[in-house]
Amino acid sequence: MTPRPVRLGRSCGRRVLVPLLGAVLLLAAVAPPLRYDANGLLCAIAGFPKAGCADQLGSAAKPAGPSGGGSDSGPDVGLIAGGALIAVLAGGAVWQARRRRTS
């Protein structure tokens with residue numbers, strides 16, 4: 001069940017906040033409990049992290065990448081596959097245009 005945004009009036013703030021409220025209610029239903037700070041900033045979802053809110057990493061802390069800190073030797077497979085897909089689609093479009101021109 002997804003909450004539906006309700007139009008409350010002509011205020012721009014209300015138009016922005018009502019859909020966000022629906023997302024917050026949905027998140028609260030799926031991953032309780034949510035923890036907020038005094039300013040209304042969402043600090044924890046489902047109890048993680050246990051303490052702190054919007055803490056910055058120290059200069060010595062480096063987040064580990066998805067490969068576990070290995071060296072990056074080139075572009076991702078997704079980038080290459082996306083480029084190949086675009087090339088195939090462009091080639092198909094050229095082929096179709098030439099075929100329609102001669103018919």
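Student: Hello! I would like to start with the nonpolar patch: which element supplies its largest share?

Tutor: Helix H1 does, with three residues of the nonpolar patch. Before we go on, note that this is a predicted model, in which local features need pLDDT of at least 70 and side-chain atom pairs count only at pLDDT 80 or more, while totals for chains, interfaces and linings use all residues. Residues are numbered from 1 along each chain as its sequence is written, and side-chain values use heavy atoms, with hydrogens and water left out.

Student: What makes a patch, and which residues make the nonpolar one?

Tutor: Patches are made of residues with over 30% relative accessible area and no salt bridge; like charges are joined within 9 Å, and nonpolar side chains (Val, Leu, Ile, Met, Phe, Trp, Tyr) within 5 Å. A salt bridge, for its part, is a side-chain nitrogen of Lys or Arg within 4 Å of a carboxyl oxygen of Asp or Glu. Here, Leu21, Val24, Leu25, Tyr36, Leu42 and Ile45 make a nonpolar surface patch of about 500 Å². The areas come from the Shrake-Rupley method with a 1.4 Å probe, and for residues only the protein chains shown count as cover. H1 (12-30) and E2 each supply at least two residues of the patch.

Student: In what sense do E1 and E2 pair?

Tutor: Two strands pair if DSSP finds at least two bridges between them. E1 (residues 34-36) and E2 pair in the antiparallel sense, over three bridges. Tyrosine 36 stands opposite leucine 42 in E2. Their hairpin has five residues between the strands, and glycine 40 takes a positive phi near 90° there.

Student: Is leucine 42 buried or partly exposed, and which residues does leucine 42 touch?

Tutor: Buried means under 20% relative accessible area, exposed over 50%, and partly exposed in between (1.4 Å probe, protein chains only). Leucine 42 has 34%, so this residue is partly exposed, as is isoleucine 45 at 36% relative accessibility. Both leucine 42 and isoleucine 45 lie in E2. For touching, contact means heavy atoms within 4.5 Å. Not counting residues up to four places away in sequence, leucine 42 touches Leu27, Leu34, Arg35, Tyr36 and Cys53.

Student: How many disulfides does the structure hold, and which parts does the pair tie together?

Tutor: A disulfide is a covalent bond between the sulfur atoms of two cysteines; the cut-off used is a pair of cysteine sulfur atoms within 2.5 Å. The structure holds one, formed by cysteine 43 and cysteine 53 with their sulfur atoms 1.8 Å apart. The link is left-handed, with -75° about the S-S bond. Cysteine 43 lies in E2 (residues 42-45) and cysteine 53 in the loop between E2 and H2 (77-102), so the pair ties together parts that are 10 residues apart in sequence. Cysteine 43 counts as buried at 12% relative accessibility, whereas cysteine 53 counts as partly exposed at 23%.

Student: And over the whole protein, what share of residues counts as buried?

Tutor: Of the 103 residues, 6% count as buried. The accessible surface comes to about 9100 Å², with 63% belonging to carbon and sulfur atoms. Among contacts between residues at least 6 apart in sequence, 2% join residues at least 24 apart.

Methods. Helices (H or I, at least four residues) and strands (E, at least two) are DSSP runs, numbered from the N terminus.
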